[in-house]
Amino acid sequence: MTLTDVEIKGFRSVRRLRLPLRQLTVLTGGNGVGKTNLYRSLELLHAAARGTLADEIAREGGLGSIFWAGGRNLSADGSFDPMYRTDGYRAHEGRNRLTLEARLELDEFLPTYRIELGFPTPDSAAFPTEAQIKQETVELRQGNRAVGLLERKNNAVFARAAGGQRELIDERALASETALSTVRGGYPEIAVVRQELSNWRFFHGFRTDQDSALRRPARAITSPMLASSGGNLASVLATLRHVRGETIDLDATIGAAFPGAELVVPPPDEFARFGMIFPETPKRTFWAHELSDGTLQFLALMGALLSYRLPPFIALNEPEASLHPSLLPALARTIVKAAERAQIWVVTHSQPLADAIAEESGIVPREVIRTEDGTAIRGLSALGVFDDE
């Protein structure tokens with residue numbers, strides 16, 4: 001299933017933006033233009049499917065810290081809203097809302113998931129700065145009309161039954177829990193959407209300090225996919241080498257990035273581990289705890305992009321961090337190769353990386369800019385269409 005469009009309203013620097021996505025999407029731009037906010041909005045959609053949305057927003061400091069930064073006293077149409085105020089444990093929401101929407105496509109199955117968040121009302125079972133779900137829908141697009149599969153208004157949740165009738169399935173849903181994550185049984189279309197968004201993976205740098213999980217052996221468990229933390233990297237590499245016997249792409253990429261070097265992955269016993277042999281010291285293996293931060297970061301990215309099984313959607317935020325410029329061409333080729341098996345979204349500060357991906361794939365990197373109206377994409381219309389398409 002492909003993510004075809006994402007729409008964001010009222011999220012930090014993003015006032016309103018509809019962005020079309022391709023099999024491989026690359027966004028570039030300077031500091032402070034809002035690239036990470038676009039990446040973060042996808043993480044929130046992922047969290048909605050997993051049932052962790054309230055936790056994610058709480059870690060951000062609550063709704064008051066993530067509303068559109070153009071002015072929290074602005075209404076949905078951008079005008080001043082005098083109804084908004086916060087005092088202690090009481091919050092009047094006014095019309096401040098955060099809205100996220102994802103459009104998906106799988107052959108003739110065209111679902112759209114949409115969620116709208118705001119402050120709790122005085123009578124709701126939620127804490128003052130906690131995100132309350134105001135509306136939530138899953139719709140199935142059929143030609144020019146939409147069929148509602150799931151609808152949530154405040155605490156009431158409705159779903160479309162097998163016979164097509166609309167039925168109430170929960171009248172007292174908690175203000176902070178998403179219906180997408182809680183509706184179970186008898187609703188296969190909703191389950192498909194939930195599973196699709198839940199299976200996305202996000203990689204925003206890997207810890208490479210001496211206490212990083214990347215530097216420690218991993219339990220020898222067959223691991224077809226890298227965890228977001230990268231903590232099972234050794235098992236992912238061991239799975240490729242010793243279970244699947246499919247390391248041609250991995251070995252070729254290592255050879256291109258580190259000429260003359262070799263990735264060492266011994267047959268695991270209770271634990272799996274890995275290291276590198278470099279041409280300057282051919283009789284010495286440098287194990288994970290000895291590798292440089294940049295080398296370890298590169299190997300983790302290879303685990304994310306070349307694992308035996310890729311998630312349907314991979315988002316990379318500044319993958320060039322800690323990497324020597326000489327590694328960027330090999331990274332670009334690997335990203336393009338991975339896009340043959342998964343949908344890839346890349347947010348980068350590095351113009352050389354964006355250019356290398358463009359040269360390998362023919363895709364056009366898109367520039368994120370900041371205008372008086374907030375974060376925007378150069379050449380993108382309000383309808384979500386690029387002027388060169």
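Reading a predicted model

The protein has nine helices and 21 strands. The model is a predicted one.

Q: Why is the protein called as compact as a globular protein of its length?
A: The radius of gyration of the protein is 23 Å. For 389 residues the globule rule gives 21 Å. The two values are close, so the protein counts as compact as a globular protein of that length. Along its principal axes, the C-alpha trace spans about 70 × 45 × 45 Å.

Q: Why is Gly275 called buried?
A: A residue is buried when its relative accessible area is under 20%. Gly275 has a relative accessible area of 0%, so Gly275 is buried. Of the 389 residues of the protein, 52% count as buried.

Q: What makes Glu262, Leu263 and Val264 contacts of Gly275?
A: Contact requires heavy atoms within 4.5 Å. Leaving aside residues up to four places away in sequence, Gly275 touches Glu262, Leu263, Val264, Thr285, Phe286, Trp287 and Ala288. Gly275 lies in strand S16. Between Gly275 and Val264 the C-alpha to C-alpha distance is 5.0 Å, although they are eleven residues apart in sequence.

Q: How do you know which side of helix H6 its buried residues are on?
A: Helix H6 (residues 248–257) has Leu250, Thr253, Ile254 and Ala257 as its buried residues. They cover an arc of only 100° around the axis, so they are on the same side of H6. In an α-helix there are 3.6 residues a turn, so residues three or four places apart point the same way.

Q: What covers the buried residues of H6?
A: The cover includes helix H5 (233–244), helix H7 (293–306) and helix H8 (328–338), along with strand S14 (262–264) and strand S16 (275–277).

Q: What makes S12 and S21 edge strands?
A: Six strands form an open sheet in the order S12-S18-S19-S3-S20-S21, with mixed pairing. Strand S12 (201–203) and strand S21 (374–377) each have a single partner strand, so one side of each has no neighbour in the sheet. From one strand to the next, the twist averages 20°.

Q: How do you know that S12 and S18 pair?
A: Two strands pair if there are at least two bridges between them. Three bridges join S12 to strand S18 (residues 313–317), so the two strands meet the cut-off and pair. S12 and S18 run parallel. Phe203 stands opposite Leu316 in S18.

Q: Which helix lies across strands S3 and S19?
A: Helix H9 (residues 351–361) lies across strand S3 (24–28) and strand S19 (343–348), at about 155° to S3.

Terms used. Residues numbered from 1 in each chain as written. Predicted model: local features only at pLDDT ≥ 70, side-chain atom pairs only at ≥ 80, totals over all residues. Heavy atoms only, no water. Buried < 20%, exposed > 50% of the residue type's maximum accessible area, 1.4 Å probe, protein only. Helix = DSSP H or I, 4+ residues; strand = E, 2+ residues; numbered from the N terminus. Arc of directions from axis to C-beta. Axes fitted to C-alpha atoms, helices over the stretch in contact; angles between N-to-C directions. Rg over C-alpha atoms; globule rule 2.2 N^0.38 Å.
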